[in-house]
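Hello,

Here is the structure for your files. My notes on it follow below.

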Amino acid sequence: MNCLSENKTVKELQQEVDSYISQFKEGYFSPLALMARMTEELGELAREVNHYYGEKPKKHDEEEKTIEEELGDMLFVMICFANSLNIDLEKAHDKVMNKFNTRDKDRWTRKDS
């Protein structure tokens, strides 16, 4: 699989991450360690959002990172978490969208068509 191809499915993303992790004897981290990593990455994302949209500018000697990069890190760790627990993220997504389209269908003000 070409890791630089466009329009990957979620299943392909999960397979790509699994191929990468499978090269190492250590394999996936434990769920608790992955939760800690996800929390760490979320903090880094929050910091970048605060620099771009908040009241806290970067220090002049601070490394330049982007929100896109931090979201990519979050996605990688989330995929690792799902893979380590044998969770199909496409199925998980479908369940969430079903919930939003049924339980929460009248929760928000719809745009006029």
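In which helix of the protein chain is confidence lowest, and in which is it highest? The model is predicted, and its mean confidence is lowest in helix α4 (residues 89–102), at 94, and highest in helix α1 (residues 10–21), at 98. For the protein chain, the mean pLDDT is 91, with 95% of the residues at 70 or more.

Next, the backbone. Two asparagines have a positive phi. Asparagine 7 has a phi near 55° and sits in the segment before α1. Asparagine 86 also has a phi near 55°; its place is in the loop between α3 (67–84) and α4. Most residues other than glycine have a negative phi.

On accessibility, asparagine 7 counts as exposed because its relative accessible area is 72%, and the cut-off for exposed is over 50%. Asparagine 86 is exposed as well, with a relative accessibility of 74%.

Last, the surface. Val49, Tyr52 and Tyr53 make a nonpolar patch of about 340 Å². Of these residues, tyrosine 53 lies in helix α2, which covers residues 31–53. Is tyrosine 53 buried or exposed? Tyrosine 53 is exposed, because its relative accessible area of 67% is over the 50% cut-off.

Regards

Methods
Residues numbered from 1 in each chain as written. Predicted model: local features only at pLDDT ≥ 70, side-chain atom pairs only at ≥ 80, totals over all residues. Heavy atoms only, no water. Patch = residues over 30% accessible without salt bridge, like charges linked within 9 Å, V, L, I, M, F, W, Y side chains within 5 Å. Areas by Shrake-Rupley, 256 points an atom, 1.4 Å probe, with all protein chains shown as cover. Salt bridge = Lys/Arg side-chain N within 4 Å of Asp/Glu carboxyl O. Helix = DSSP H or I, 4+ residues; strand = E, 2+ residues; numbered from the N terminus. Buried < 20%, exposed > 50% of the residue type's maximum accessible area, 1.4 Å probe, protein only. pLDDT = per-residue confidence, 0-100.
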